[in-house]
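I opened my notebook with a few things to look up, one entry at a time. Follow along with the model beside you.

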Amino acid sequence: MNPTAVEFLSGLSAGGVTTLVMHPLDLIKVRLQVDTHKHVVGRTIPNLVRDILYHTGQRRVLELYRGIGPNLAGNTFSWGCYFMLYRRFVQNYAEPANGAHYMYCAFTAGSLTGLVTNPIWVLKTRMLSSSATDPGAYSSMLQGARSILATDGIKGFWRGFTPSLFGVIQASLQFALYDRLKDRHHQKRRDLKSTEPLTTWEYLNISAASKVFATVSMYPYQVVRSRLQVYGAPELYTSVRDVVKKIYLNEGMVGFYKGLSTNLVRVVPATCLTFLVYETTRSKLA
């Protein structure tokens with residue numbers, strides 16, 4: 001199979017499987033991020049799950065998967081494009097890629113992917129940050145797109161794109177570290193004259209370590225992006241600078257890390273699953 005198609009299909013499979021498994025935690029993370037109270041009283045993971053399950057009537061479990069459409073569409077397409085572009089850029093180097101090369105390739109691939117998929121993330125954030133029973137809540141991706149177009153215009157689909165570039169930097173850190181660690185493991189194999197592939201446990205360790213480092217380093221941008229993309233954002237915030245100023249003045253530094261623990265609980269297993277599915281699918285298709 002064509003190497004480009006292999007990368008795209010492997011990334012698409014990884015994004016789809018991970019999203020289906022981890023979506024409820026993604027929903028809880030977004031609701032924590034858009035909470036504007038200085039002290040997050042009652043806004044813990046167990047309390048949020050309890051609220052969702054006991055205050056949404058017949059929907060209950062369905063509410064945990066609210067917004068699964070845009071989340072699934074965004075993650076499958078973006079992971080497919082990201083892996084395809086990233087590997088293509090890396091392979092264009094005449095010499096073996098080093099850390100700086102990996103960072104550059106990941107940032108370029110991430111920027112292009114983010115530009116194309118940002119409208120999906122706006123829809124996802126607005127659907128995940130509200131219950132289906134809330135006034136004005138979107139009933140579907142199509143209805144949400146029409147509403148954004150009517151109220152915010154075409155530029156509304158790219159709200160939060162500037163802070164999302166910090167996410168591209170985060171992904172660049174993660175991919176650079178992931179590939180460098182993977183290179184070291186492969187080098188150890190070569191030093192021992194072994195042709196054995198990396199084990200599942202090694203892939204899990206490498207992906208977890210790279211994700212934790214990148215997430216903690218760049219997490220505040222996610223809170224800023226979510227605030228810019230939430231319902232009523234145009235009336236609440238005028239710019240990225242305005243969001244940062246209001247969070248700092250009203251909530252303190254802790255405001256920039258709301259939902260971090262939930263995010264780590266979600267993204268570390270999700271990243272391990274994503275890369276494991278990607279590497280497994282890639283080895284089968286190659």
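**Contacts.** Before listing neighbours I settled what counts: a contact means heavy atoms within 4.5 Å. I also kept in mind that this is a predicted model.

**Arg87.** Is Arg87 buried or exposed? With a relative accessible area of 8%, Arg87 is buried, because the cut-off for buried is under 20%. Next I asked which residues Arg87 touches, leaving out those up to four places away in sequence. My list reads Glu7, Tyr178, Asp179, Lys182 and Tyr278.

**Empty space.** I then turned to cavities. Rolling a probe the size of a water molecule over the atoms shows where empty space is left. I counted 1 cavity of 30 Å³ or more in the structure. The largest cavity holds about 910 Å³ of space. Its lining is made up of 45 residues, and I noted Asn75, Trp79, Trp121, Tyr221 and Arg225 as those nearest the centre.

**Who lines the cavity.** Which helices each supply at least two residues of the lining? I wrote down α1 (3–33), α4, α5 (99–128), α7 (161–191), α9 (220–229) and α12 (260–285). The largest share comes from α5, with 10 residues. Sorting the lining by class, I got 14 nonpolar, 25 polar and 6 charged residues.

**Lys193.** I placed Lys193 in the loop between α7 and α8. Its relative accessible area is 75%, so Lys193 counts as exposed, the cut-off being over 50%.

**Cysteines.** How many disulfides are there? I looked for pairs of cysteine sulfur atoms within 2.5 Å, and the count came to 0.

**Confidence.** The protein chain averages a pLDDT of 84, and 89% of the residues score at least 70. Where is confidence lowest, and where is it highest? I found the lowest in helix α2 (residues 45–54), at a mean of 66, and the highest in helix α8 (residues 200–218), at 92. A reminder to myself: where pLDDT is low, the predicted coordinates should not be read in detail.

Methods
Residues numbered from 1 in each chain as written. Predicted model: local features only at pLDDT ≥ 70, side-chain atom pairs only at ≥ 80, totals over all residues. Heavy atoms only, no water. Buried < 20%, exposed > 50% of the residue type's maximum accessible area, 1.4 Å probe, protein only. 1 Å grid on protein atoms, 1.4 Å probe; cavity = no way out; pocket = protein on both sides within 12 Å on 5 of 7 lines; lining within 4 Å. Points joined across faces, edges and corners; volume = space filled by probe spheres on them. Helix = DSSP H or I, 4+ residues; strand = E, 2+ residues; numbered from the N terminus. Nonpolar A, V, L, I, M, F, W, Y, C, P; charged D, E, K, R; others polar. pLDDT = per-residue confidence, 0-100.
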